[in-house]
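Me: I have a new model open and want to get my bearings. Can you walk me through it?

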Amino acid sequence: LLLYVLVAILAYLIGCISSAYIISKALFGVDIRTQGSKNAGTTNALRTFGFKAGLLTFLGDYFKGTIAVLIAMFIAHKGHLDVDLAKYIAALAVVAGHNWPVFLKFKGGKGVATTYGAMLGIAPLPTLASMLFFIVLVLVTRYVSVGSIFGVCLFPILMYMRSDYIGIWVCILLSISVIYKHKENIKRLLKGQERRLELKKK
Ligand code: G3P
């Protein structure tokens, strides 16, 4: 049990490393959480600082998810844990760290890139399918939030199709957290006030 707790703590701490916050502070001297939608994530980095900052944020947040899952695999192999369970614990914990980072007064991002990165290390094909769905939705609607919500909510269905029963429940939790984190976006979408994706050249 102790090793599972270690997996969770390590993944949570990795999740707490907020790419958007670090990039905004280091390169632009401001806290991203005071800008735009005030979210510490890729979309807000894109709209506030432009393409390069957005891409860096995405890569950092995405691959910290993958790294957390790879570390969980490593610990699981060494410590004879259930590998799948360890990976799913890491996925939940890394997303929790991203969304509610202890070092940033629990005000982080919405967990979309990190969910995708973590799921890449667990179920690569469903992850690619969901990311494709995300991209199509964003291109069609030009609302990133719509792609984020429906993209992540596709995971429980994909896990069901793979008969991955822990996966279904973990992905339901990830979907609930994405919906919860997007509650302001959902309100704006319903009122027709959500901002569409636009690229700022900087
Ligand atoms: O993944 C976050 C995205 O769906 C919405 O971001 O900044 O528009 O709230 P934002």
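Reply: Start with a term: a crossing is left-handed if the near helix is turned anticlockwise from the far one by less than a right angle, and right-handed if clockwise. This is a predicted model, where local features need pLDDT of at least 70, side-chain atom pairs count only at pLDDT 80 or more, and totals for chains, interfaces and linings use all residues. Residues are numbered from 1 along each chain as its sequence is written, and side-chain values use heavy atoms, with hydrogens and water left out.

Me: Which way does α5 pass α6, left-handed or right-handed?
Reply: The crossing is right-handed. Helices here are DSSP runs (H or I, at least four residues), numbered from the N terminus.

Me: Which residues make the contact?
Reply: α5 brings Ala 91, Val 94, Val 95 and His 98. α6 brings Thr 114, Thr 115 and Ala 118. Contact means heavy atoms within 4.5 Å.

Me: New topic. Which residues touch the most other members of the largest nonpolar core?
Reply: Val 94, Tyr 116, Met 119, Ile 122 and Met 159, out of 37 residues. A nonpolar core is a set of buried (under 20% relative accessible area, 1.4 Å probe, protein chains only) Ala, Val, Leu, Ile, Met, Phe, Trp, Tyr and Cys residues joined through side-chain atoms within 4.5 Å.

Me: Which helix gives the largest share of this core?
Reply: α5, with 7 residues.

Me: And what does Ile 122 contact, leaving aside neighbours within four places in sequence?
Reply: Val 69, Lys 87, Tyr 88, Ala 91 and Arg 162.

Terms used:
Buried < 20%, exposed > 50% of the residue type's maximum accessible area, 1.4 Å probe, protein only. Helix = DSSP H or I, 4+ residues; strand = E, 2+ residues; numbered from the N terminus.
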